[in-house]
Amino acid sequence: MTSVIASSADQQQQVEKTNLLGLTLPAMEAFFLEIGEKKFRAVQVLKWIHHHGVTDFEQMTNLGKALREKLARRAEIRPPEIVSQHDSNDGTRKWAIRVDGGGLVETVLIPDGNRATLCVSSQVGCSLDCSFCSTGKQGFQRDLSAAEIIGQVWLAIKSYDAFQQSNSRVVTNVVMMGMGEPLLNFDNVVAAMDLMMEDNAYGISKRRVTLSTSGVVPALDALAKVSEASLAVSLHAPNDALRNELVPINRKYPISVLLESCRNYIDAQSDKKRVVTVEYTLIAGVNDQREHALELAELLKDFPCKINLIPFNTFDQSDYQRPSGNAVSRFWQVLVDAGYIVTVRTTRGDDIDAACGQLVGQVVDRTRRAERYRQAADQNNQQATGQS
């Protein structure tokens, strides 16, 4: 009986340890003051974790033995767990990462010359249900903690052994465009982005850390007061009627309200040359016609932006189709002729289901959305079988 009680106490003590991986510099300073230590220790530990990839306090040689022992009792450095890794023929790498509670999220690193962009998830599943995104079809389980978000950056660097390569930067850009709506996990996403931009952590330029939102306007307004990350908005339609179908949150925050909030965000930045990246997924026969391009050009007139066209990437639970190359070129030309800076996102990692809109994980769905989609698919298959 005594051993069982001791084991239970040990487990309780383990649960109560603070995971330092997700603490920003101010939060780390507060932690050290709380345990009776000088706050300058925060910078030392941040560098050990995020510059050197160290998770064992005993390896932190500029900390005294007594402090190392205290940290071992009070804290831990615990990244999430990589369950699988897949490498694409084009160099893209995708990880499935297990987080607390058994959920899986996916993270993708896309190399491009001297740059490498890491697409980071913010939720297990997604509480929104954009019609062209496979993540939304899985429903929603929970928000990720700050440690689980920044842990994706940590794991990506670790997987290339790049903590040992002081002159090499595996991750040069981060986009909060993975699973989930970042602004619905506001505090944890802001903390993680602060660590990405923190010189004592990853030191990524604020121009190279981008948050992508579907349009949670109140949270976007709040973000303008606390962050200087770059902003991308998932627009995908040039009018409210069409966007209501593709991005249901538009019914609550229509395009005019969203664009005003985006403009206010840009105006709040100290760097007055910032623009919003407008993401527009082109879906064959839905939003890829010349009239849609003309309407988009008119909508964004005088709005500080660049436009990123994303040809739709197919997945099993969608009837949408990828547009033809000619349709993409035609759409692009209309916008270029109107004076916009326009890029077409090259599809990367589609052979490992790592392309934009294809990320899925393992979600204990609290919304039962995934179950409804499966039932609808089964009914359609039964009807098709009966007709044949």
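User: How do helices H10 and H11 lie to each other, roughly parallel or oblique?
Analyst: The model is predicted: local features need pLDDT of at least 70 and side-chain atom pairs pLDDT 80 or more, while totals for chains, interfaces and linings use all residues. Residues are numbered from 1 along each chain as its sequence is written, and side-chain values use heavy atoms, without hydrogens or water. The axes of H10 (residues 290-299) and H11 (residues 325-337) come within 9 Å and cross at roughly 30° (axes are lines fitted to C-alpha atoms, for helices over the stretch in contact, with angles from 0 to 180 degrees between N-to-C directions). Angles under 35 degrees count as roughly parallel, over 145 as roughly antiparallel, 65 to 115 as roughly perpendicular and the rest as oblique, and H10 and H11 are therefore roughly parallel.

User: How many nonpolar residues does the contact of H10 with H11 have?
Analyst: Contact means heavy atoms within 4.5 Å. Arg290, His292, Ala293, Leu294, Leu296 and Ala297 of H10 meet Arg330, Phe331, Val334 and Leu335 of H11. By class (Ala, Val, Leu, Ile, Met, Phe, Trp, Tyr, Cys and Pro are nonpolar, Asp, Glu, Lys and Arg charged, and the others, Gly among them, polar), this contact has one polar residue and two charged ones, and its nonpolar residues number seven.

User: How many helices and strands are there in the protein chain?
Analyst: Helices are DSSP runs of H or I with at least four residues, strands are runs of E with at least two, and both are numbered from the N terminus. On that basis, the counts for the protein chain are twelve helices and 14 strands.

User: Which residues of H6 are buried?
Analyst: H6 (residues 186-197) has twelve residues and reaches 17 Å from its first C-alpha to its last, close to the expected 16 Å (1.5 Å times one less than its number of residues). Its buried residues pack against helices H3, H5 and H7 and strands E9 and E10. Buried means under 20% relative accessible area, exposed over 50% and partly exposed in between, with a 1.4 Å probe and protein chains only. The buried residues are Val189, Val190, Ala191, Ala192, Met193, Leu195, Met196 and Met197.

User: Which residues of H6 make the contact with H5?
Analyst: H5 and H6 pack at an angle of about 35°, with their axes 8 Å apart. From H5, the contact has Ala146, Ile149, Ile150 and Val153, and from H6 it has Asn188, Val189, Ala191, Ala192, Leu195 and Met196.

User: Is leucine 223 buried or exposed, and what is its relative accessible area?
Analyst: Leucine 223 is found in helix H7 and touches Leu183, Phe186, Val190, Met193, Leu211 and Tyr265, not counting residues up to four places away in sequence. Leucine 223 and valine 190 are 33 residues apart in sequence, yet 8.1 Å apart in space, C-alpha to C-alpha. Leucine 223 is buried, with a relative accessible area of 1%.

User: Where is threonine 24, and which residues does it touch?
Analyst: Threonine 24 lies in the loop between strand E1 (18-19) and H2. Threonine 24 is buried, with a relative accessible area of 14%. Not counting residues up to four places away in sequence, threonine 24 touches Ala191, Asp194 and Leu195.

User: How do H2 and H3 lie to each other, roughly parallel or oblique?
Analyst: Leu25, Met28, Glu29 and Phe32 in H2 meet Arg41, Ala42, Val43, Val45, Leu46 and Ile49 in H3. The axes of H2 and H3 come within 8 Å and cross at roughly 120°. H2 and H3 are therefore oblique.
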